[in-house]
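Student: Could you walk me through this structure? I have not looked at it before.

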Amino acid sequence: MTDANPRNAMLRTGLFSLGVALVVAAPVVGLVPGPGGVVVFAAGLALMLRNSHWAKRQFVGAKRRWPKAGDLADRGLRRASSARRRSRAEQDALR
(Lines give C-alpha, C1' and ligand atoms only; values in the text may rest on other atoms or scores of the structure.)
Protein backbone atom coordinates (compact mmCIF):
# COMPACT_ATOMS: atom_id res chain seq x y z
CA MET A 1 0.00 0.00 0.00
CA THR A 2 1.58 3.26 -1.13
CA ASP A 3 0.60 6.85 -0.58
CA ALA A 4 -0.68 8.73 -3.63
CA ASN A 5 0.97 11.93 -2.45
CA PRO A 6 4.81 11.80 -2.44
CA ARG A 7 4.89 14.39 0.32
CA ASN A 8 2.98 12.00 2.61
CA ALA A 9 5.47 9.26 1.78
CA MET A 10 8.36 11.56 2.67
CA LEU A 11 6.68 12.54 5.93
CA ARG A 12 6.04 8.90 6.87
CA THR A 13 9.65 8.00 6.06
CA GLY A 14 10.90 10.92 8.13
CA LEU A 15 8.72 10.00 11.12
CA PHE A 16 9.77 6.35 10.86
CA SER A 17 13.42 7.44 10.79
CA LEU A 18 12.87 9.63 13.84
CA GLY A 19 11.30 6.64 15.61
CA VAL A 20 14.34 4.47 14.79
CA ALA A 21 16.64 7.22 16.08
CA LEU A 22 14.67 7.42 19.34
CA VAL A 23 14.79 3.65 19.85
CA VAL A 24 18.55 3.67 19.22
CA ALA A 25 19.02 6.62 21.60
CA ALA A 26 16.94 5.06 24.39
CA PRO A 27 19.82 3.09 26.00
CA VAL A 28 21.96 6.23 26.11
CA VAL A 29 19.13 8.23 27.68
CA GLY A 30 18.54 5.32 30.04
CA LEU A 31 21.93 5.94 31.66
CA VAL A 32 20.59 9.21 33.07
CA PRO A 33 18.75 8.69 36.37
CA GLY A 34 15.01 8.43 35.97
CA PRO A 35 12.65 6.68 33.59
CA GLY A 36 13.71 8.71 30.52
CA GLY A 37 14.98 5.72 28.53
CA VAL A 38 11.65 3.92 28.75
CA VAL A 39 9.73 7.01 27.64
CA VAL A 40 12.10 7.64 24.71
CA PHE A 41 11.89 3.98 23.65
CA ALA A 42 8.07 3.99 23.83
CA ALA A 43 7.85 7.20 21.80
CA GLY A 44 10.18 5.77 19.15
CA LEU A 45 8.26 2.50 19.00
CA ALA A 46 4.96 4.36 18.65
CA LEU A 47 6.33 6.43 15.75
CA MET A 48 7.66 3.31 14.07
CA LEU A 49 4.38 1.40 14.44
CA ARG A 50 2.26 4.26 13.14
CA ASN A 51 4.39 4.85 10.05
CA SER A 52 5.58 1.44 8.87
CA HIS A 53 3.63 -1.63 7.80
CA TRP A 54 6.80 -3.71 8.18
CA ALA A 55 7.19 -2.61 11.81
CA LYS A 56 3.53 -3.46 12.49
CA ARG A 57 3.98 -6.98 11.10
CA GLN A 58 7.10 -7.49 13.21
CA PHE A 59 5.29 -6.24 16.31
CA VAL A 60 2.33 -8.57 15.73
CA GLY A 61 4.69 -11.52 15.27
CA ALA A 62 6.49 -10.68 18.51
CA LYS A 63 3.15 -10.36 20.34
CA ARG A 64 2.13 -13.81 19.15
CA ARG A 65 5.41 -15.32 20.25
CA TRP A 66 5.53 -13.55 23.63
CA PRO A 67 1.91 -12.70 24.57
CA LYS A 68 2.66 -11.39 28.07
CA ALA A 69 5.29 -8.96 26.79
CA GLY A 70 2.95 -7.97 23.96
CA ASP A 71 0.20 -7.19 26.46
CA LEU A 72 2.56 -4.99 28.46
CA ALA A 73 3.67 -3.20 25.29
CA ASP A 74 0.06 -2.60 24.27
CA ARG A 75 -0.74 -1.16 27.67
CA GLY A 76 2.35 1.04 27.57
CA LEU A 77 1.47 2.32 24.11
CA ARG A 78 -2.16 2.80 25.23
CA ARG A 79 -3.47 0.93 22.21
CA ALA A 80 -7.24 0.79 21.82
CA SER A 81 -7.08 -2.88 20.84
CA SER A 82 -5.52 -3.69 24.19
CA ALA A 83 -8.32 -1.93 26.06
CA ARG A 84 -10.95 -3.83 24.03
CA ARG A 85 -9.28 -7.19 24.75
CA ARG A 86 -9.07 -6.43 28.48
CA SER A 87 -12.75 -5.37 28.65
CA ARG A 88 -13.81 -8.54 26.78
CA ALA A 89 -11.74 -10.68 29.14
CA GLU A 90 -13.33 -8.97 32.16
CA GLN A 91 -16.82 -9.54 30.77
CA ASP A 92 -16.04 -13.20 30.06
CA ALA A 93 -14.71 -13.62 33.61
CA LEU A 94 -17.98 -12.30 35.02
CA ARG A 95 -20.04 -14.86 33.10
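**A first look**

Tutor: The secondary structure of the protein consists of 5 helices and 0 strands, where helices (H or I, at least four residues) and strands (E, at least two) are DSSP runs numbered from the N terminus. This is a predicted model, in which local features need pLDDT of at least 70, side-chain atom pairs count only at pLDDT 80 or more, and totals for chains, interfaces and linings use all residues. Residues are numbered from 1 along each chain as its sequence is written, and side-chain values use heavy atoms, leaving out hydrogens and water.

Student: In what order do the elements run from the N terminus?

Tutor: The order is α-α-α-α-α.

Student: What does the C-alpha trace span along its principal axes?

Tutor: The trace spans about 50 × 45 × 20 Å.

Student: What share of the residues is buried?

Tutor: Of the 95 residues, 18% are buried, meaning under 20% relative accessible area with a 1.4 Å probe, protein chains only.

Student: Which residues form the largest nonpolar core?

Tutor: That core has 5 residues: Leu 45, Met 48, Leu 49, Ala 55 and Phe 59. A nonpolar core is a set of buried Ala, Val, Leu, Ile, Met, Phe, Trp, Tyr and Cys residues joined through side-chain atoms within 4.5 Å. At least two of its residues come from each of α2 (36–51) and α3 (53–65), and α2 gives the most, with 3 residues.

Student: And what is Met 48 in contact with, beyond its neighbours within four places in sequence?

Tutor: Met 48 touches Phe 16, Gly 19, Val 20, Val 23 and Ala 55, with contact meaning heavy atoms within 4.5 Å.

Note on methods. Buried < 20%, exposed > 50% of the residue type's maximum accessible area, 1.4 Å probe, protein only.
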